[in-house]
Amino acid sequence: MAAKKALKKCLQKLSSKEFKEFTDSLLDREGEPRVYKNQIEGKDYMEVTNVMVNVFSEKNVLSVAAEVLRDANLEGLADELGAAAPPPAGVKVVAGPTSASPAPSSGSLSAKEFVDKYRAELAKKLTDTNPLLDLLCSKKVLNDNSYAEIKALPTDNQRMSKLLFGSYVKSASTCSILFNYLKDEQPFLVEELLES
């Protein structure tokens, strides 16, 4: 219940214009699970809070809300809410951009910052894409059509380019899935990129 209360307090602080920007960003959010227009259209902050908790769960709602606030250019509230949210497993969330490449053990890049920074290198260096594509499909990042379209490409490099430079791996939650996969399955690649 603490997460629901924190989210309700945060949304209550938004002006009408900011609340509209927040709900627009929530509807534009990529990845699953997602909120649909009919669930929040014409709803106030209390009802939107309830929808978000039902869709994302009490455990994940604050990190999703912080991501949506950032996408709506409401960083101050995102940082405030993000401080109350547990970070995704294995990722240390840092407020603001980082200026230098950290040592692998420092964990000072968020998953999204890592993927954004090393997107081109990942597209070139990742091989054996099938397990990653299967994971992204099972997590509903890819639907069956997107999965089949990417799998049909002839090389791993082409598959990774389509995946990383398309619209599939853009949000903090999808970047977190990719980053955790890399840490588990390609730890030396992660270390190499962080040290470069």
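Asp116 is partly exposed, with a relative accessible area of 39%; in this classification buried means under 20% relative accessible area, exposed over 50%, and partly exposed in between (1.4 Å probe, protein chains only). The side chain of Asp116 meets that of Arg119 in a salt bridge, at 2.5 Å from N to O. The structure is a predicted model, in which local features need pLDDT of at least 70 and side-chain atom pairs count only at pLDDT 80 or more, whereas totals for chains, interfaces and linings use all residues. Residues are numbered from 1 along each chain as its sequence is written, and side-chain values use heavy atoms, with hydrogens and water left out.

**Salt bridges within a helix**

- A salt bridge is defined here as a side-chain nitrogen of Lys or Arg within 4 Å of a carboxyl oxygen of Asp or Glu, and by this rule the count comes to nine salt bridges.
- Arg119 and Asp116 both belong to helix α6 (residues 111–125), where they are three residues apart, about one turn of the helix. Helices (H or I, at least four residues) and strands (E, at least two) are DSSP runs, numbered from the N terminus.
- A network of salt bridges links Lys112, Asp116 and Arg119.
- In helix α2 (residues 16–28), Glu21 and Lys17 are four residues apart, about one turn of the helix. These two residues form a salt bridge whose closest N and O atoms are 3.8 Å apart.
- Glu21 is partly exposed, with a relative accessible area of 29%, while Lys17 counts as exposed at 61% relative accessibility.

**A salt bridge between helices**

- The side chains of Glu149 and Lys162 meet in a salt bridge, with an N to O distance of 2.9 Å.
- Glu149 lies in helix α8 (residues 144–151) and Lys162 in helix α9 (residues 156–165), so this pair ties together parts that are 13 residues apart in sequence.
- Glu149 is partly exposed, with a relative accessible area of 41%, and Lys162 also counts as partly exposed, at 33% relative accessibility.

- Ser171 is placed in the loop between α9 and α10 (172–185) and counts as buried, at 7% relative accessibility.
- The side chains of Ser171 and Ser173 make a polar contact at 3.2 Å. A polar contact is a pair of N or O atoms within 3.5 Å; within protein, one must be able to donate a hydrogen and the other to accept it, and residues adjacent in sequence count only if both atoms are side-chain atoms.
- Neighbours within four places in sequence aside, Ser171 is in contact (heavy atoms within 4.5 Å) with Glu30, Glu67 and Lys112.
- Tyr36 lies in the loop between α2 and α3 (37–40) and is partly exposed, at 42% relative accessibility.
- The C-alpha atoms of Tyr36 and Val51 are separated by 9.9 Å, the two residues being 15 residues apart along the chain.

**Positive phi angles**

- Most residues other than glycine have a negative phi.
- Ser57 has a positive phi of about 80° although it is not a glycine. Ser57 is placed in helix α4 (residues 45–71) and counts as partly exposed, at 28% relative accessibility.
- Lys140, likewise not a glycine, has a positive phi of about 65°. Lys140 is found in the loop between α7 (130–138) and α8 and is exposed, with a relative accessible area of 54%.
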